Amino acid sequence: MHVEDLLRLTGLDLALVWGEEELLRAEVTGVTATDLADPVRYLQRGEIVLSGLVWWRPQDGRAAADRFAAALRETGAAALLAGEETHGAVPEPLVRACREHRVPLLSVPPHTSFRAITDTVYLRLWGDLSHTQRGLTALPDAVRQDLHALLTADAPLETLLTRAFTHLGDAVCSVVTPTGRVAATVRGCPAPDPEAVAAALAALPGGEPDGLVAVDAHARSPLGTWYVYAHPSAGTPPPRVLREIADFVGLHRARGAAREAARHDAADRLAALLARGRAQGTVVGGALAECSLPGEGPLVVLTARAQASSASADDGGRTARWALAEALRTVVDLPFAVGGDGEGTAVAVLATTPGATEALAAELAPVWRRLQALVPATALRAGVSEAVASAAALPGALREARYALTAASAGQGRATVGFGDAMLTLRDLIAGVPAAVRDAFRHRLLGPLDAHDRRTGGTLLDTLEVFLAQGGSWVRTAEQLHVHVNTVHYRIQRIEHLTGKDLSRLEDRIDLRTALLCA
């Protein structure tokens, strides 16, 4: 299906506002509905984007329209279908922005629902799939028609797989995610062997092994790709059969993704509300309800960042969101919502149960390492708060999760998870302070000692570190440094003179110890 075909769809009454002939021949791969001002996190190449334009206001002028059109162009969207109901017509600034960014623009009249467009487009895509598969040794026509009907009826993925395998004898398959999580299996059959799935996924860098087919290889990250996995113990179906089943699974997933747009928006609003930190508990409770989450605890906040090896590889937090959502689906069977703070950090709120936080801490780290292995050029870090009892306490939990994330980012490992309840020492606390702040604090207190030692070849910093480690004992410090105790007295006097601190006072000792830990 191509963009120009949208104008011929009966009953939708779509009209071309702008679009060059070459662009109108672009292939359509799916549909996403969104009213985010910056939808880049949710779009895939080749999709048409439905928007009611709630995000645009007349006072926004050209700037907001330009950002929106640029996001569509950046993600390779096939076209924008703009609803006329909100503003009475497609705003002229958006028309100009789409023309400049070369994004085909179609108008949607008020009497045409977005659901009607989505259903019509996917029915057409399924018809194209059926046509391209005819003549191949794959699924029988009767099975293919049944699968079309199941997709139209929004049947569960398990039902789709079960119908696809009814004519294949003992063959069984599952849909698995990059972590090995089983998203669906043929009804009545056991789940696949986890070790066998892990081995098949581990072989992917060398190409798809027998019995494993990517559902959506066009996904922007390995974290977003699902796979159809044939259980080897039950016999492997012909590759063309697996390929066609994977196509149907991909369409099922794309249809679900289109319906997820509203949930994504709600999760973003919740994350933004918590980030502001001043909302009343009732307001936060309303945002939680919009995400189908309870207003009472225990509730846990998680944060995540994906730091790419180059700034040009930044994806606005999409990888972090994928990683956090997949990790949570893998380790818990509990409701959660994952949003973004608009600055590249993913924010999740998890409705947990009493005592489940300890299990989360134990199970999240190994899954996080598996995700890290899929994106070796990107460092994945996460932070987890302690459980809180109410919606009103969630902004504080977000601050704790962000602090734990900063502490994790300061660690040496790439796939690092920081937990708020694990911060038990001064070193843990300091690790959560931004690097620039740590550097400034250290330089302010210890800069004179650094300069003295560089200029004279002295050892005042070493002496200070040993003195504090030995609890301020002159004798033990002298023994540790192999010098006379009078030498220690002299050096400590120099340290006090250069730093303005009195090492006989506990408060000043803590200040200097903190500065040493900031290195």
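Trp 474 is partly exposed, with a relative accessible area of 30%, where partly exposed lies between buried, under 20% relative accessible area, and exposed, over 50% (1.4 Å probe, protein chains only). The model is a predicted one, in which local features need pLDDT of at least 70 and side-chain atom pairs count only at pLDDT 80 or more, while totals for chains, interfaces and linings use all residues. Residues are numbered from 1 along each chain as its sequence is written, and side-chain values use heavy atoms, with hydrogens and water left out.

A pair of aromatic rings is described by the distance of the centres and the angle of the planes. Rings of Phe, Tyr and Trp (its six-membered ring) were taken to pair if their centres lie within 6.5 Å, with planes under 30 degrees apart counted as stacked, over 60 as edge-to-face and the rest as tilted. By this rule there are two aromatic pairs. The pair of Trp 55 and Phe 68 is stacked, because the ring centres are 4.2 Å apart and the planes stand at 15 degrees. This pair links distant parts of the chain, 13 residues apart: Trp 55 belongs to the loop between β3 (47–51) and α3 (61–75), and Phe 68 to helix α3. Helices (H or I, at least four residues) and strands (E, at least two) are DSSP runs, numbered from the N terminus. Both Trp 55 and Phe 68 are buried. Phe 467 and Trp 474 form a tilted aromatic pair, at 5.2 Å centre to centre and with 55 degrees between the planes. Phe 467 is buried, its relative accessible area being 2%.

Trp 474 falls within helix α18 (residues 474–481), whose N-terminal end is capped by Ser 473. A side-chain oxygen of Ser 473 lies 3.2 Å from the backbone nitrogen of Arg 476. Just after α18, His 482 takes a positive phi of about 60 degrees.

A charged group also sits over an aromatic ring, a term that requires NZ of Lys or CZ of Arg within 6 Å of the ring centre and within 35 degrees of the ring normal. The charged end of Arg 253 is placed in this way over the ring of Trp 226, 4.2 Å from its centre. Glu 244 is in helix α9 (residues 239–259) and counts as buried, at 0% relative accessibility. Between Glu 244 and Leu 139 there are 105 residues of separation in sequence and 7.4 Å in space, C-alpha to C-alpha.

Strands of a sheet pair through backbone hydrogen bonds, either parallel or antiparallel. Two strands were taken as paired if DSSP finds at least two bridges between them. Five strands form an open sheet with mixed pairing, in the order β1-β5-β4-β3-β2. Its edge strands, β1 (15–18) and β2 (30–33), each pair on one side only. On average, neighbouring strands of this sheet are turned by 30 degrees against each other, direction ignored; axes are lines fitted to C-alpha atoms, for helices over the stretch in contact, and angles run from 0 to 180 degrees between N-to-C directions. Four bridges pair β2 with β3 in the parallel sense, and Thr 32 stands opposite Val 49 in β3.

A sheet of four strands, also open, has antiparallel pairing and the order β7-β6-β9-β8. Here β7 (182–185) and β8 (212–214) are the edge strands, each pairing on one side only. Neighbouring strands are turned by 20 degrees against each other on average, direction ignored. Strand β6 (residues 173–176) runs antiparallel to β7, to which three bridges join it; Ser 174 has Thr 185 of β7 as its bridge partner.

Strand β10 (residues 296–308) is joined to β14 (residues 388–390) by two bridges, in antiparallel sense, with Leu 299 partnered by Val 388. Six bridges join β10 to the antiparallel strand β12 (residues 346–351), where Val 347 is the bridge partner of Thr 303. Seven bridges join β10 to β13 (residues 378–384), again antiparallel, and Ala 308 stands opposite Thr 378 of β13.

The structure holds zero disulfides, a disulfide being a pair of cysteine sulfur atoms within 2.5 Å. For Cys 173, the nearest cysteine sulfur is that of Cys 189, 9.2 Å away. Cys 173 is buried, with a relative accessible area of 0%. Cys 98 also counts as buried, at 0% relative accessibility.

Definitions and conventions. A polar contact is a pair of N or O atoms within 3.5 Å; within protein, one must be able to donate a hydrogen and the other to accept it, and residues adjacent in sequence count only if both atoms are side-chain atoms.
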